[in-house]
Amino acid sequence: MIISEEEARAKILETIRPLPPRRLSISGALGCFAAEDYFAQLPLPNFDNSAMDGYAVVASSCAPGKRLRVVGEQAAGLDQQLRASAGDAVRIFTGAPMPAGADAIVMQEDVTREGGEIVVNVDVDPGEFVRRRGCDLGEGQKILARGERIRAATTALLASQGFSDVMVGGEVSAAIISTGDELVKPEAKLQPGQIYESNSVLLQGLLHNCGAAERLMEHCRDDEELLTKALKRAIKHRVVIVSGGVSVGERDIVKSALQSLGAKIDIWRVAIKPGKPFLFGHIDECDLFGLPGNPVSAFVTFLQFVRPAILKMMSAVKLDLLKVSAKLLVDLTNDSDRVHYIRGKFEDGIFTPVGRQESHALFGLSQSNALLRLAVGESRKRGVIVNVQVWD
Ligand code: AMP
Ligand code: MG
């Protein structure tokens with residue numbers, strides 16, 4: 001039975017469970033999702049320090065023309081336990097701990113050095129160019145929420161807190177099987193009627209973008225016996241993505257091959273354009289996604305159904321693509337009986353449909369970076385503001 005896109009998505013997400021978490025080094029955790037909340041174990045900065053190369057002083061003893069005695073030097077590094085009283089200056093460098101007694105930094109550009117003394121050329125306010133302990137981050141503050149993606153800046157923040165590893169969501173290992181008698185590998189010579197196989201590399205890239213990895217990639221002819229064998233190898237992985245062969249033609253053997261292996265098919269056919277023949281099911285622990293062979297259909301169904309499932313397995317909390325507002329450049333109407341995802345380019349706040357809006361039109365897809373969802377019967381006029389989903 002054909003179901004709505006919303007039902008399909010809800011069904012998939014209620015079936016999928018996050019995988020058991022694992023501990024990774026912070027550098028290895030880039031792109032993963034935190035499996036726990038993390039809290040600051042240190043304030044940032046951890047001690048008052050200088051924001052400039054210059055002199056640590058007592059602000060009230062400074063004024064233009066005032067002479068101060070240089071009583072020591074404090075570089076970034078071990079605290080020399082220096083002290084500055086009124087009339088003193090401690091030579092200091094960026095990141096160095098503030099000497100006791102000093103309450104401000106005068107930049108070196110604002111003084112004239114004369115032997116063991118400096119002449120201050122400006123007024124100095126207390127607190128100037130001092131980075132106060134805890135001004136950026138307080139101890140105990142949440143620094144990373146469960147389900148949040150770990151980005152380069154996150155790893156830096158974890159490192160700044162002394163964490164060398166982090167608990168992240170489980171690794172999704174996936175198998176990709178492309179099907180079709182007409183398909184050959186890109187390096188082969190094309191015979192009449194053959195085309196190059198392009199979905200497996202597409203799906204591999206989309207998996208990588210989610211932070212998942214393909215552990216098996218196979219191509220299979222439209223032969224049920226061969227496909228069953230390939231599927232037996234594939235279902236050892238957590239996720240199997242099959243491309244092609246899920247439609248209603250005689251050569252569309254994926255569903256029956258899966259059923260012969262005992263798969264439970266939860267979804268077959270969704271009211272989405274492109275992508276109607278989409279299939280979702282499972283065998284034991286393995287989740288099965290059957291994507292239509294047309295490249296744009298495979299792409300759209302991956303983004304709408306497979307991506308959120310994989311992100312949920314990886315412990316992500318935000319499962320949707322980024323939505324942005326854009327001005328629509330043309331009139332659009334969805335006359336079909338399915339939700340229509342229009343491919344286009346989002347740039348400088350404008351969304352422009354690109355290329356032929358047909359499920360085989362790979363070139364237009366390659367020039368696009370966003371999808372506009374049109375509900376059944378929906379019309380949008382040129383110039384209106386729409387929400388588009390951005391994938392790049
Ligand atoms: P199917 O879903 O198997 O009926 O395929 C639908 C259309 O997509 C046909 O035109 C196929 O040739 C094409 N197609 C299927 N699989 C791939 C693939 N892996 N790479 C490129 N085109 C494909
Ligand atoms: Mg086929």
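What follows covers a helix pair, an aromatic cluster and some backbone features.

This is a predicted model; local features need pLDDT of at least 70, side-chain atom pairs count only at pLDDT 80 or more, and totals for chains, interfaces and linings use all residues. Residues are numbered from 1 along each chain as its sequence is written, chains are lettered from A and ligands numbered from 1 in the order in which they are written, and side-chain values use heavy atoms, without hydrogens and water.

**Helix packing**

Helices (H or I, at least four residues) and strands (E, at least two) are DSSP runs, numbered from the N terminus. Helix 3 (residues 199-210) packs on helix 6 (residues 295-313) at about 30 degrees, and their axes are 10 Å apart. The two are therefore roughly parallel (angles under 35 degrees). Their crossing is right-handed (the near helix is turned clockwise from the far one by less than a right angle). Contact means heavy atoms within 4.5 Å. Helix 3 contributes N199, L202, L203, L206, L207 and C210 to the contact, and helix 6 contributes residues including F299, F302 and R307.

**Aromatic pairs**

The whole structure holds five aromatic pairs. Rings of Phe, Tyr and Trp (its six-membered ring) pair if their centres lie within 6.5 Å; planes under 30 degrees apart count as stacked, over 60 as edge-to-face and the rest as tilted. Two of the pairs are tabulated.

| Pair | Centre distance | Plane angle | Class |
|---|---|---|---|
| F278 and F289 | 6.4 Å | 45 degrees | tilted |
| F280 and F289 | 5.2 Å | 40 degrees | tilted |

F278 lies in the loop between strand 19 (272-273) and strand 20 (279-283), and F289 in strand 21 (residues 286-291), so their pair ties together parts eleven residues apart in sequence. Buried means under 20% relative accessible area, exposed over 50%, partly exposed in between (1.4 Å probe, protein chains only). F278 is buried at 0%. F289 is buried at 1%. F280 is buried too. Ring pairs link F278, F280, F289 and F305 into a cluster.

**Backbone**

Most residues other than glycine have a negative phi, and most peptide bonds are trans. The bond from L44 to P45 is cis, with omega near -10 degrees. The bond from K273 to P274 is also cis, with omega near -5 degrees. P274 sits in the loop between strand 19 and strand 20.

R269, not a glycine, has a positive phi of about 85 degrees. R269 is partly exposed, at 27% relative accessibility. D348 has a positive phi near 50 degrees. D348 is exposed, with a relative accessible area of 75%.

Definitions and conventions: Axes fitted to C-alpha atoms, helices over the stretch in contact; angles between N-to-C directions. Parallel < 35°, antiparallel > 145°, perpendicular 65-115°, else oblique.
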